[in-house]
Amino acid sequence: MFKSKYQAFLDTTSENIFKTKKQSNPITLVVLGYLLLVAIGTALLNMPASTTRPLSFIEAFFTAMSAVCVTGLSVVDISSTFTHVGDWILLVLMQMGGLGIMTVSTTLILLAGMHPGFNHQSVLLSNYTQEGNVDAGHILKAVLPFTFILELIGAVIYYTQLSDLPLYDRIFGSLFQAVSSFCNVGFTLFPDSLVRFQCNPFMNITTCILVLAGGFGFLAITEMQYAFDFKRRAMRKISLHTRIAFFGTIIVVIASTLVFTLTEWDNALSGLSIGDKFLSTTFMAFSSRTAGLNTVNVPGLSVASLFFFVIIMFVGANPGSCGGGIKVTTAAVISLLGFNRLLGRTKTQVMGRTLPESTVDKAVRVFVVSIVVIALGTLLLLYTEAPGASHADNNGQFLKVLFEVVSAYSTCGLSMGLTTELSPFGQFLICSIMFVGRMGPLFLISAVAGQAKNTTWYAEEDIMVG
């Protein structure tokens, strides 16, 4: 009798414990971690030793948020506002924001000789792999050396091109630019971004490689690295995810290069040699997706180019990378869904495979929520920054606002000059959009909302569409 009651007590207790653990959401750790890092960054950037002039709270907060969210938008001139101390703070914020809070925290735990908990590992695995059977330590041993070695190589190449700077500025400027490029941030220590290096092939090509590596995604890069088996002298099987990420990136880059060549050949690129024109259009194609670095004057581009910028910024980079946007694979799934439906197929098929309905459903939700966030953000910013302005006297304000919102949401960092003109409310709104874009809308929703346990299905009734 006593034993049965004791056993019942143990069963009930264990059931409650597992229920509590099941209800806990590890995603909230990432959200809180990013917010804590932004708060620390804001406080550090507000120190007198960090700046050449006093900053307001919103200026420091905006800069810290932009660095942590690897966006690159700024309401102050980075090159003249911050001291060496402030520049180092920005570099650390960019690196931690690019690698991710969970990556950094797990690294510290492993260095301390401890083992990361289930919450840490589950979020880390969801960021870098499709499978849940990979140890977090193995991921970090691959991610961190790849990141730091590539940044170091980039810094060395940058160093050779900054020979006109003093030694300290040359060393730190090279390191800062390498981290900014790989993490797809868009911050530079030059007031004109990289416009002064428009015709420098070493700066352009190095930046494109770093931007591509940082935005390609760890899983895809790892598979591409080991695509060829040297022992068997044969190609290994590449996952569908990597194939779509690879071909999707190529399509976006080639399409962007062609569009920018057609729209800017006799506009922003007039006066340059043919080689420099192709160098500039290629740089724009790589950087404009999510990096935010530019070698041309963005407000001086044609309307067609600026609108195309909006489209490719919205698409962004690949999953598991430093880049933002809805991701290339998400855009590919949406396109494949439409293509298969046009052919009358009930399933989404590509490359001899059928995509799971759960993946298609997630892509559609990401797309719809992103459109809603951008539409609401644009509407609010138009109301606060151009109240009462009519179409006749807004001087292209709609495109500037839409460009700014999409750039913030995709964590790209390009701007038509609106960032420094924003009101305090507008700056806070852009900060919120940057944070949502960096975290991902579905990521944030799942951090505060649980899954529905019971779903009620109602009777079907058709409507007319089309």
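**Close-up views of two helix pairs**

**View 1. Side chains where α12 meets α13.** From α12, Val 253, Ser 256, Thr 257, Phe 260 and Thr 261 meet Phe 278, Thr 281, Thr 282, Met 284, Ala 285 and Phe 286 of α13. Contact means heavy atoms within 4.5 Å. By class, this contact has 6 nonpolar, 5 polar and no charged residues. Ala, Val, Leu, Ile, Met, Phe, Trp, Tyr, Cys and Pro count as nonpolar, Asp, Glu, Lys and Arg as charged, and the others, Gly among them, as polar.

The model is predicted: local features need pLDDT of at least 70, side-chain atom pairs count only at pLDDT 80 or more, and totals for chains, interfaces and linings use all residues. Residues are numbered from 1 along each chain as its sequence is written, and side-chain values use heavy atoms, with hydrogens and water left out.

**View 2. Geometry of α12 and α13.** Helix α12 (residues 240-264) packs on helix α13 (residues 274-287) at about 135°, with axes 8 Å apart. The pair is therefore oblique (angles under 35 degrees count as roughly parallel, over 145 as roughly antiparallel, 65 to 115 as roughly perpendicular and the rest as oblique). Axes are lines fitted to C-alpha atoms, for helices over the stretch in contact, and angles run from 0 to 180 degrees between N-to-C directions. Helices (H or I, at least four residues) are DSSP runs, numbered from the N terminus.

**View 3. Geometry of α16 and α17.** Helices α16 (residues 357-385) and α17 (residues 397-409) pack at about 135°, with axes 9 Å apart. That makes α16 oblique to α17.
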